[in-house]
Amino acid sequence: MASLPPVLVGNAVKLDLEVKKLSSPSLPFEKKIYSTKELDSFGLEFKDAGNRKLESSFYVPLLQECIEKNSVFGVESIHAHIIKSGFHEELFLMTFLVNVYGKCGVIGSAQKVFDNLPKRNVVTWTSLMSSYVNNSLPEFAISVFKEMLEIGGYPTNYTLGIILNACSSLCDFEFAKQIHGYIIKYDLEDDASIGNALCSLYSKCRSLDMAIKAFQRIKEKNVISWTAVISACGDNGNSATGLDMFVRMLIEGIQPNKITLTTILSLCCTMQALDVGSQAHSLSTKLGYISDLPVANSIMYLYLKSGCISDAKKLFDGMNATSLVAWNAMIAGHAEITSLADDSLSSYYYGIEALRIFQRMNRSGLKPDLYTFSSVLTICSSLVALDQGEQVHAQAIKTGFLSDVIVGTALVNMYNKCGSIDQASKGFVEMPTRTLISWTSMITAFAQHGYTEQALQLFEDMRFVGIRPNKITFTGVLSACSQAGMVEQALAYYEMMKNEYKINPVVDHYACLIDMFVRLGQIDEAFDFIKTTALEPSEFIWSILISGCRNQGKLDLAFHATEQLLELKPKDSETYFLLLNMYLSVGRWKDVSRVRKMMRDEKVDKVTDWSRISIRDKVYTFKSSNKRHQSDEVDRLLEDLVDRAKLLGYKAETSLEMVDEEKEEAIASDVHHSENLAVAFGLLNTSNEAQIRVVKSIGMCRDCHNFIKVVSMLTSRTIIVRDSKRLHRFCGGDCSCKDFGSLV
């Protein structure tokens with residue numbers, strides 16, 4: 001290892017020593033009770049040693065054993081014996097003792113041993129620095145380093161690597177640059193320990209190029225070097241380069257360790273690179289790392305994220321010792337699949353499976369943590385499973401995790417998406433601490449339920465307490481203004497976002513403003529806004545415009561918007577269904593054929609209308625049909641509700657539905673659509689006070705929307721329907737979407 005001249009002498013780079021020296025930490029000893037077996041093991045060693053002449057080297061394996069067992073008592077006993085035997089003046093042994101205390105987490109004792117040494121060398125100084133870094137006290141390590149420099153100490157390559165790691169932990173990049181300058185001056189960048197530390201440092205600085213250059217300058221790259229640069233690529237959003245580095249590493253003949261494999265599997269998750277991940281799985285098995293929990297968990301999560309549920313389950317069931325991390329990975333993986341599933345049925349299946357896994361975990365005796373609760377509450381949100389969500393809420397209270405901001409925010413989202421805005425508001429108020437995400441979630445919840453005044457007041461409260469809004473927050477604010485038709489306020493918040501908070505508008509912000517103009521019947525203003533902002537409308541924006549134009553009878557503009565939408569080649573089946581209904585309603589058969597051809601070319605799936613309702617932990621599903629339902633009781637109730645609704649002015653609308661590719665069928669009434677069947681079933685099987693909660697696979701049509709509005713008034717029941725577009729809360733003849741939630 002290279003020997004360096006003093007840092008403060010001659011023309012060497014001068015390091016900043018203006019930072020105040022930090023005093024040695026005063027950390028209390030942790031009182032522990034040790035077993036008789038542990039006490040006897042060290043006693044026997046000493047007893048045997050009494051019969052022969054001791055040497056200082058005798059203590060090294062004993063201290064090493066203490067590190068392996070993390071035995072503070074053992075270290076203290078051996079330390080006492082060292083003093084009694086007179087070896088406490090041997091620098092090598094006492095330096096090793098500093099290191100042992102540090103690795104056992106007793107940093108106060110390590111500092112005390114160091115302070116009592118009559119003399120010190122660079123290894124002693126480095127041992128103390130390393131102890132501080134390993135015990136998450138990097139600021140003290142830097143203080144010790146500066147003290148060593150002040151007395152003219154010579155840092156070694158390993159010392160510099162330790163200090164670079166300390167700078168990285170503290171994000172003290174200015175001091176790290178001075179260290180790097182020193183390294184360059186004395187041509188040390190090719191050393192592995194220094195190069196590895198520099199690579200990690202620049203990765204944390206978000207300078208991937210510098211990290212890769214530091215790696216490339218290493219003369220003899222080891223597995224730590226390769227792992228560092230692969231991690232740097234992943235941490236800086238360049239997973240593809242990370243995978244290339246891994247291939248190069250294998251070509252160079254470097255065998256990966258478990259940390260390398262865990263990192264690579266994480267990159268595969270990010271890139272959805274199942275083929276590479278499967279090969280990493282095989283390599284893990286070959287090298288004997290498949291039994292390592294972090295590696296196994298990473299493989300399992302990759303399979304879950306890639307949709308290979310059976311492979312993930314097989315790996316999970318084959319684990320000898322299933323940790324909480326593994327359970328959390330299974331639950332979180334299912335939660336992600338639930339949110340990304342292609343259709344509602346698949347989403348429901350994976351969500352239910354995740355709840356079953358959570359139940360199995362509870363039965364296993366393991367206690368859930370905040371990540372478990374967050375994932376499970378997210379699943380309950382997706383399923384609109386209020387009963388299960390309330391049970392998880394109770395468990396979170398019992399275990400004390402409800403005070404965590406992550407769990408609290410997930411709880412607010414769950415109640416919001418289940419239609420319980422009062423419970424969501426109560427959960428938000430009871431949160432001991434709130435983050436930007438918490439505030440944004442509650443503002444968005446109020447907006448979605450049509451509580452504009454509360455949403456805007458909460459936004460002002462958030463600004464008052466010093467929380468800076470982001471673009472998602474402003475989406476919630478503009479959405480609230482849109483639903484209430486508050487044009488001046490919406491435009492004022494839009495300008496505030498751009499000018500005061502320097503946030504550039506995105507498509508969601510434009511969509512809220514266009515939605516507002518359309519709700520107010522200001523179609524021309526909506527199109528003018530698009531022109532003045534040079535906006536390229538998304539599928540969603542064109543759908544809003546088509547719906548608004550149809551509702552106001554402006555068919556020419558509606559068909560113009562339709563042509564623009566078709567140019568985007570949308571993938572959403574419901575969008576094609578909307579366009580087909582438009583063309584069918586006016587008999588434009590050439591356009592009908594054109595849309596159908598596009599559907600064939602784009603391989604668009606058929607629209608399947610089904611709804612589900614959960615009652616007393618049982619789930620009932622219903623499909624749309626123009627035939628009578630198998631339950632006479634449900635049919636009789638629907639007929640009765642239709643007759644009573646007509647007395648209040650309800651008129652059934654005729655819609656055209658595609659039965660197959662070449663045939664349409666006119667249905668006089670949409671009363672047998674799936675959500676109506678589910679609502680009727682819920683009315684028959686729940687108490688008069690209970691809310692009805694229905695999940696529908698596609699968007700509601702206008703006729704069903706109007707019908708359920710009247711039903712909520714006739715029955716004095718709150719009916720919540722979550723369709724593919726949004727949540728509808730029907731109460732007293734009104735809907736939270738202000739009658740603009742149905743596009744068909």
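Arg206 is exposed, with a relative accessible area of 58% (buried means under 20%, exposed over 50% and partly exposed in between, using a 1.4 Å probe and protein chains only). This is a predicted model, in which local features need pLDDT of at least 70 and side-chain atom pairs count only at pLDDT 80 or more, while totals for chains, interfaces and linings use all residues. Residues are numbered from 1 along each chain as its sequence is written, and side-chain values use heavy atoms, leaving out hydrogens and water.

Arg206 lies in the loop between α10 (192-204) and α11 (208-216); helices (H or I, at least four residues) and strands (E, at least two) are DSSP runs numbered from the N terminus. Its phi is near 65 degrees, a positive value in a residue other than glycine. Most residues other than glycine have a negative phi. Cys171, in the loop between α8 (157-170) and α9 (173-185), also has a positive phi, near 55 degrees. Cys171 counts as partly exposed, at 42% relative accessibility.

An open sheet of 6 strands has the order β2-β1-β5-β6-β7-β8, with mixed pairing (two strands pair if DSSP finds at least two bridges between them). β2 (618-623) and β8 (734-735) stand at the edges with a single partner strand each, so one side of each lacks a neighbour in the sheet. Strands β5 (residues 692-696) and β6 (residues 719-722) run parallel and are joined by 4 bridges. Ile692 stands opposite Ile719 in β6.

Helix α23 (residues 421-429) gives 3 residues, the largest share, to the lining of the largest cavity.
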